[in-house]
Amino acid sequence: MKRRCLLIALLAAQAAWAGVYEQGLEAKNAGRHEEAARLLRKATSAQPSNIEAWLHYGMVLGWQSKYDEALTALRQGLRRKPENYDLGMAEATVLAWSKDYSAADECLARLEKKFPSNLEVALMRGRIAVWRGDLAEGRRRYEAILQKDPNQAEVLMGLGDIEMEEWHVSQAKTLYERALAVQPSAEIEQRLEAAKSQTQSRIDMGMSGSTFARQERDEWWGVYGSYSHKFRGWDAWLRVETGERFNLQDVTWETGTSGLVMKGIRTTVYGGVTPDASYSARWYADVSVSWRLYEKLGPLGRGDLLTEARWADYTSVGVRITRLGWQQQVADAWTVNAHWLHFSYDTGMEADGWLMSIAWEPKERWQFRIGAGQAVESLTTQTLQRGRSIRSWTIFASMVMPVSDFWHVRLDLEREEVQNGVIRYGMAAGCGYRF
């Protein structure tokens, strides 16, 4: 009798925990992730041999960006059933979400040996190659899948994403349209609409000036306009600016280009001339290179080494400015930037400076930035006097935000204190239109 009662109690408990597992799946499918995680955690505690419970629990945690907890749960399931395909794919997926691309690719390589004809593994390896920035490898893997199955919608969409990344907009549209014909979905439609609305040209205009005029070196103003165009992932621009400072007026013309020269390396080259220079440089040239050293380092995101050299010739003196800096992603949408600057004049005079800022980009086309620096007279316009270097300390803030699908606005504020001189307050406001 006792044994029968115990058996009945055990069966009742199993039924109850099975109900908890089913409730957890229901919450997961309904998008109630916190509730699903709580219920599935209970299910795994009560039924640790339930491999499906570990799988769903790990994926729900991954969706909540709790990557370490998700991997722990999935590996609990893998410890009990190492050959389980779904758990292996889930582990690789969560590793990829956490941007540990090398570990994710290792997991997928092991799965590929066990399941050599599985297109889902090949697709995921292609995705990871793209996320890692290796577009050529991603393209190779996607095209290999299409040779086996030309109607793989996700592969067509992935190739479209590569074409967009390389700024081949018309090719991307064609691939998205093919994917949509195979498998209609809101995600593909959004990509197609984004490609159709993609712009290749942009016009910017704005004005800057001092907010408080107290004496000659306090007062200035300027207006500018620029046109830029994208071609195969490269930006090229032409800019003209006219302004007045120290009761002198200059017009400066500038042109330049910027783009990726290879994986993780972006270069920018530009220069300008001022035909009748008074306070501006008669000519200047600037070359900068950004070197992506890693995509993820522990809890930190991508890190870039920044190098730059600038040559400028003023009426009174020539100067070379060297910058060495570091840009570090510290959290999603947050980036810290620090520069050391060295000024070398053709008179033999030397000077050093620094520049630091932190930026927040909550979504595409939005940016908020604050910073401070010490340089020579101005961080933006080197107004030089023969035989001496006038130091300045600056704090600044800027904001860029869209006001429509094609228009955006920008606002900059600055306070500059010149050694043994004046305190300047300045601002700039501008807008841009993409077409």
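Which side chains meet in a salt bridge of 2.8 Å, N to O? Those of Arg410 and Asp412 do, and the legends below place this pair among other features of the predicted model.

Residues are numbered from 1 along each chain as its sequence is written, and side-chain values use heavy atoms, with hydrogens and water left out. Because the model is predicted, local features need pLDDT of at least 70 and side-chain atom pairs count only at pLDDT 80 or more, whereas totals for chains, interfaces and linings use all residues.

**Figure 1. Overall architecture of the protein.** The protein contains 11 helices and 14 strands (DSSP runs numbered from the N terminus: helices are H or I with at least four residues, strands are E with at least two). Its radius of gyration is 29 Å, well over the 22 Å given by the globule rule for 435 residues, so the protein is more spread out than a compact globule. The radius is taken over C-alpha atoms, and the rule is 2.2 Å times the number of residues to the power 0.38. The C-alpha trace spans about 105 × 50 × 40 Å along the principal axes. Of the 435 residues, 41% are buried (buried means under 20% relative accessible area, exposed over 50%, and partly exposed in between, with a 1.4 Å probe and protein chains only). Among contacts with a separation of 6 or more, 43% are made by residues 24 or more positions apart; contact means heavy atoms within 4.5 Å.

Figure 2. A salt bridge of 2.8 Å, N to O, joins the side chains of Arg410 and Asp412. The term denotes a side-chain nitrogen of Lys or Arg within 4 Å of a carboxyl oxygen of Asp or Glu. Arg410 is partly exposed, at 35% relative accessible area. A search of the whole structure finds 24 salt bridges.

Figure 3. Glu83 and Lys114 meet through their side chains in a salt bridge of 3.5 Å, N to O. This pair links distant parts of the chain, 31 residues apart: Glu83 is in the loop between α4 (67-80) and α5 (85-97), and Lys114 is in helix α6 (residues 101-114). Glu83 counts as exposed at 55% relative accessibility, while Lys114 is partly exposed at 41%. Salt bridges also link Asp105, Glu112, Arg125, Arg132, Glu137, Arg140 and Arg141 in a network.

Figure 4. Lys230 belongs to strand β2 (residues 220-231) and is partly exposed, with a relative accessible area of 26%. Its side chain forms a salt bridge of 3.1 Å, N to O, with that of Asp235, a residue that is partly exposed at 23% relative accessible area. Not counting residues up to four places away in sequence, Lys230 touches Trp167, Gln200 and Asp235. The C-alpha atoms of Lys230 and Thr199 are 8.4 Å apart, although 31 residues separate the two along the chain.

**Figure 5. Asp313 and its partner Arg282.** Asp313 lies in strand β7 (residues 303-313) and is buried, with a relative accessible area of 17%. The side chains of Asp313 and Arg282 are joined by a polar contact of 2.5 Å. Such a contact is a pair of N or O atoms within 3.5 Å; within protein, one must be able to donate a hydrogen and the other to accept it, and residues adjacent in sequence count only if both atoms are side-chain atoms. Beyond its neighbours within four places in sequence, Asp313 is in contact with Ala281, Arg282, Trp283 and Gly318.

**Figure 6. A nonpolar patch on the surface.** Leu238, Val251, Trp253, Val269, Val273, Trp283, Val287 and Trp311 form this patch, which has about 680 Å² of accessible area together. Patches are made of residues with over 30% relative accessible area and no salt bridge; like charges are joined within 9 Å, and nonpolar side chains (Val, Leu, Ile, Met, Phe, Trp, Tyr) within 5 Å. Strands β4 (248-262), β5 (265-273) and β6 (283-294) each supply at least two of the patch residues. Val273 lies in β5 and is partly exposed, with a relative accessible area of 43%.

Methods:
Areas by Shrake-Rupley, 256 points an atom, 1.4 Å probe, with all protein chains shown as cover.
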